[in-house]
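I opened my notebook to record what I looked up in this structure, going from the whole chain down to single residues.

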Amino acid sequence: MKHIRNFCIIAHIDHGKSTLADRLLQQTNTISDREMMDQVLDDMDLEREKGITIKSKAIQINYKSKAGDDYTLNLIDTPGHVDFSYEVSRALAACEGALLLVDATQGIQAQTISNLYLAIDNDLEIIPVINKIDMDGAMIEEVKDQIIELIGCKPEDILLASGRTGLGIDEVLEAIVDRIPAPEGDESAPLQALIFDSVFNSFRGIIVYYRILNGTIKKGDKVKFVSTGQEYEADEIGILKLKMTEKKEVRAGDVGYIITGIKNAKEVKVGDTITLASNTNPEQIKGFEEVKPMVFAGIYPVNTDEFEELRDCMDKLQLNDASLTFELETSQALGFGFRCGFLGMLHMEIIQERLEREFNQTVITTVPNVSFIAYTTKGEKITVNNPSEFPDPVKTDRIEEPFIKAQIITKPEYIGNIMTLCLGKRGFLINQSYLTTTRVELVFEMPLTEIVFDFYDKLKSQTRGYASFDYHPIGYRDSDIAKMDILLNNEKVDALSALIHRSRAHEFGRKLCEKLKELLPRQQFQIAIQAAIGAKIVARENISAMRKDVTAKCYGGDISRKRKLLEKQKEGKKRMRQIGNVEVPQEAFLAVLKLDD
């Protein structure tokens, strides 16, 4: 076991984690030149197109050190975007060390710091690496100073590398072997393995990835999942090379996979412990946190008949993405669907894309919102994840909304723009500190509701992309939240309802009505679009009726004939309005997300 090293790569988005992983695999001949391509560990098309890592990937590397010893390195490549920090926390739970990657041209950014703190909380050995040193804009000395100030290491501890050209990769491999401690564990103790990921394979069932802390697992063993209490037989076990490689046994300290023919997604929980069925008093591994969704939205099939199919797809997707949570929900306008919890807006967009690409499911997504807590006058506490659960205002004592602590790192010249943006989003400035002369860190406390829609895009445009942003929840606070309904010809469309701060309701209602006026197709009758809070209408727009020229056949003659035809048409329109219903196209539901375009 002393020749095993488990490590992951952590960094801000776009600092070159996947490229560095590619070079490590090439340098150690884990992968042949024929199999090599950019972002080799990212196996989703979506990841390659967007150039981001969405799922952590584990792979085993065999490395012969300069001293001549053979080492087994288990590498886990992690995502860098704030929405996928849950993936990172799971990867860290399976490692003893981390490569902290910093881009030489951009320096330390918000997500670097937040991932670093996650790693320190898990007592990992940190190896700082400055990447992209071959670039023209590399500020190596300046970035070194930033790292020393952040983690208090010695200048000689910092490695210089280039993921693109392969510079410094040997030094990185040697540092992994020298500095990262070997896993501790007892091979003779009862089996104890932490599940850190799982994937669905339509031929083999569910494949579970785990890291063994104690004991050994052999092919054909009877194993038990502690939290569900279910027992299975290990049909196949092995280690993760580029493809899965079967082995007779996997020992303590190693990362591997197990196939037991499980078909039901509910039976595998990420963070669960695997032990042998013969172990009568299994111990659950501690320190694995439950996922906390930040943003909630409804996902509905376009055709109500496809609901069961969508349910299967969601189950399979949840296996691949443990941070997705969902429960059943019904809507008057859209029928049966799911209320889903996401970690952020990018996560929501990715899930929607994956449903369409991997499962051919076209879905309607409702307005995303966060969860509020309402207290009734009787003192009851209600969690509101959906506008339809909002209690009667008369019986409500107060409502609390979630707040976050936002950390923004940027250049000093953009402080004014960021202040304007954050204060306009009901934020409070808590702290402002200069990390170096050219980098300033601003800390705000803000309502999560304001960040959900377009905050990130606006921040990027206000700072020309020179700002990095990270946040974490800090609890709930009292707030003046109201439910805004959209009425089409006096009928509520529940899928367009939103929970919004009262000071924003007027402006939001007006924008939404204007947007719907553009998007709703004209009918044979007039449509009134209204935004209402309770009984009070805060905004209104009309879509005028399409009319046929019924007087075209009148030429000359008496005016009364013309009037008679128009009156007849008017009667028809009136009757049509009473029985006509308004179809709301898919774009209208999405329009709510992009009101400021």
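I began with contacts across the protein chain, bearing in mind that the model is predicted: among contacts between residues at least 6 apart in sequence, I found that 69% join residues at least 24 apart. I then noted that the chain has 14 helices and 31 strands, and that 54% of its 597 residues count as buried. For the accessible surface I wrote down about 27,500 Å², of which 48% belongs to carbon and sulfur atoms.

Next I turned to helix α1, which spans residues 17-27 and is mostly covered, with eight of its 11 residues buried. I listed the buried ones as K17, S18, L20, A21, D22, R23, L24 and L25. When I looked up what covers these residues, I found that the cover includes the strands β1 (4-10), β2 (57-64), β3 (70-77) and β4 (97-103), together with the helix α6 (169-179). After α1 comes N29, and I noted that its phi is positive, near 55°.

My last entry concerns T275, which lies in strand β16, residues 273-276. Why does T275 count as buried? I found its relative accessibility to be 2%, and buried means under 20%, so T275 counts as buried. Leaving out residues up to four places away in sequence, I recorded that T275 touches L191, V223, K224, V226 and P282. For one of these, L191, I also looked up a distance: its backbone oxygen lies 2.8 Å from a polar atom of the side chain of T275.

Technical notes: Residues are numbered from 1 along each chain as its sequence is written. This is a predicted model: local features need pLDDT of at least 70, side-chain atom pairs count only at pLDDT 80 or more; totals for chains, interfaces and linings use all residues. Side-chain values use heavy atoms; hydrogens and water are left out. Buried means under 20% relative accessible area, exposed over 50%, partly exposed in between (1.4 Å probe, protein chains only). Helices (H or I, at least four residues) and strands (E, at least two) are DSSP runs, numbered from the N terminus. Contact means heavy atoms within 4.5 Å. Accessible areas come from the Shrake-Rupley method with a 1.4 Å probe; for residues, only the protein chains shown count as cover. A polar contact is a pair of N or O atoms within 3.5 Å; within protein, one must be able to donate a hydrogen and the other to accept it, and residues adjacent in sequence count only if both atoms are side-chain atoms.
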